[in-house]
There are 2 protein chains.
Amino acid sequence: MRNLDGRLEMCSINTATLGHKGPIGDTIDRVARFGFGGICPWRRDLEGQDVAAVARRIRHAGLKVSGYCRSTYIPAATKAGFLANFADNRHAIDQAAALGAACFVLVVGSLPAGSKDLGDARIQVAEGVGLMLEHARATGMRLALEPLHPMYANDRSCLNTLAQALDLADALESTPQGAPTLGVAVDVYHVWWDPDLSANIKRAGAARRIFGFHVCDWLVPTRDLLTDRGMMGDGVIDIPLIRGAVEASGYAGQIEVEIFSDRDWWTRPPDETLSVCAERLQTVC
Amino acid sequence: MRNLDGRLEMCSINTATLGHKGPIGDTIDRVARFGFGGICPWRRDLEGQDVAAVARRIRHAGLKVSGYCRSTYIPAATKAGFLANFADNRHAIDQAAALGAACFVLVVGSLPAGSKDLGDARIQVAEGVGLMLEHARATGMRLALEPLHPMYANDRSCLNTLAQALDLADALESTPQGAPTLGVAVDVYHVWWDPDLSANIKRAGAARRIFGFHVCDWLVPTRDLLTDRGMMGDGVIDIPLIRGAVEASGYAGQIEVEIFSDRDWWTRPPDETLSVCAERLQTVC
């Protein structure tokens with residue numbers, strides 16, 4: 001496992017960690033000033049912005065783009081809705097390419113309003129990712145399926161385990177020409193509980209499908225399903241165990257911090273949050 | 001799939017659904033009065049009670065005991081703690097036998113305080129269930145491993161999928177003599193998201209390992225990780241799909257309603273909750 005001590009250039013900050021506050025330009029400069037090597041912006045950060053100018057600013061700050069967050073949910077109640085979601089995602093893939101992102105992160109969505117048909121949602125996801133994959137190949141942008149914790153199975157994602165994401169990747173891209181275009185983002189928050197985690201990290205690495213690795217922590221108690229994620233070291237996830245497995249499987253990309261925390265970290269000054277991220281990355285990850 | 005319309009004798013009420021309010025004797029009579037065929041008491045309901053007398057009262061009310069809830073968490077920080085947990089569970093198995101329960105429900109626990117070692121917790125669970133199994137065989141009581149939703153992986157259960165529970169059952173009781181003593185309780189709340197659910201229900205049924213089937217619903221939004229479960233029909237779980245699979249696999253036991261709901265159902269008069277349970281069991285399950 002790589003030693004992160006004094007090596008923040010191997011680490012990246014997802015802008016969600018700072019609560020998307022302030023203009024993206026300021027956030028870029030701030031992240032660079034702390035010595036991090038990368039940033040993962042969200043589409044909302046780029047609204048009303050010139051994407052090429054943002055990309056230049058990131059490059060000039062010396063940062064890589066560890067990923068671009070995230071897809072519009074794929075399933076819809078109607079075919080027109082499904083196609084509109086695809087159009088959104090096609091545009092976002094173009095933005096990811098303009099940013100030079102390592103991958104476009106797919107949070108795939110799940111049940112359309114009123115539906116209980118998880119099987120159908122999963123079929124729509126497979127079809128939608130298949131469409132996106134064609135455009136991603138044409139654009140040279142990699143797609144990272146992010147399996148989400150099963151507690152998000154109703155709305156945010158019907159992809160809920162690493163095995164399921166890899167099965168989908170294999171189904172859509174069984175014999176990649178050269179390096180795969182379809183892979184996964186492994187976020188410790190979503191996968192730490194999985195009894196098959198170790199085996200599937202190996203499988204993902206062997207297929208060269210790990211495009212991103214995200215850290216935060218699982219707080220005890222967790223008071224909200226979405227926005228009560230913890231700073232690394234404040235919860236119960238054995239992060240070094242998972243990072244060790246991911247890196248042993250061949251992952252050489254950045255370690256990205258992504259924390260949703262409306263009760264704690266989002267209420268603090270961004271510099272304080274970044275300072276603690278830097279310290280924890282070097283000591284407990 | 002069995003038709004539940006007019007067949008409440010195939011249904012059971014877990015006492016947690018009523019918030020454990022009032023003496024168990026009153027709850028028994030109430031559940032019987034509504035025409036349900038079974039009850040699943042918790043150990044807390046029997047504190048200070050003569051278990052044999054409670055068992056008689058349940059029998060005289062014409063109710064079966066669909067299960068007895070639930071095990072003391074198995075993992076501990078020390079060997080002495082582990083053995084104390086086993087002693088508790090040994091006693092609870094005796095109570096389950098005295099009640100004539102269809103099974104003793106195992107919620108196995110997870111990380112002892114201060115631990116991040118999920119692997120060790122799982123090893124302790126395997127060892128602890130192995131010990132309980134010997135006593136259960138001697139007592140003639142079946143043990144139902146209940147895989148819990150992954151959002152409980154830190155404290156309530158490190159058994160988080162049906163496949164994982166079945167793997168453990170196979171490991172501890174690979175060639176059951178006659179009917180198995182170790183099986184599973186399938187609760188729709190805990191398993192509905194699982195992409196491998198259908199395959200593992202078939203596997204469980206083929207091994208005659210389904211000892212219990214629990215229903216409630218997944219609310220959107222879910223405002224609390226533990227006590228915001230929904231009444232059947234109020235959430236997004238396709239309950240008939242899962243019940244159909246469970247019954248097609250050979251399950252012929254009772255359908256048990258278990259709802260943790262401190263904001264809604266626990267605040268209502270018990271008769272109202274039971275009335276709605278009865279209606280929903282016959283219409284949406």
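**Strands of the sheet**

Analyst: Strand β5 (residues 104-106) of chain A and strand β6 (residues 143-145) of chain A run parallel and are joined by three bridges. Strands here are DSSP runs (E, at least two residues), numbered from the N terminus, and two strands pair if DSSP finds at least two bridges between them. Opposite Leu106(A) stands Leu145(A) in β6(A).

This is a predicted model, in which local features need pLDDT of at least 70, side-chain atom pairs count only at pLDDT 80 or more, and totals for chains, interfaces and linings use all residues. Residues are numbered from 1 along each chain as its sequence is written, while chains are lettered from A and ligands numbered from 1 in the order in which they are written. The average pLDDT (the predictor's confidence in each residue, from 0 to 100) of chain A is 97, and 99% of its residues score at least 70.

β6(A) also pairs with β7(A), in the parallel sense over three bridges. Gly183(A) in β7(A) is the bridge partner of Ala144(A). β7(A) in turn pairs with strand β8 (residues 210-215) of chain A, parallel and over four bridges; there, Asp187(A) has His214(A) in β8(A) as its bridge partner.

Strand β7 (residues 182-187) of chain A has six of its six residues buried (20 or more other C-beta atoms within 10 Å of a residue's own, C-beta atoms being placed from the backbone), so it is largely enclosed by the rest of the structure.

These strands belong to an open sheet of nine in chain A, with parallel pairing and the order β3-β2-β1-β9-β8-β7-β6-β5-β4. Its edge strands, β3 (64-65) and β4 (68-69) of chain A, each pair on one side only.

Note on methods:
Buried ≥ 20, exposed ≤ 12 C-beta atoms within 10 Å, placed from the backbone.
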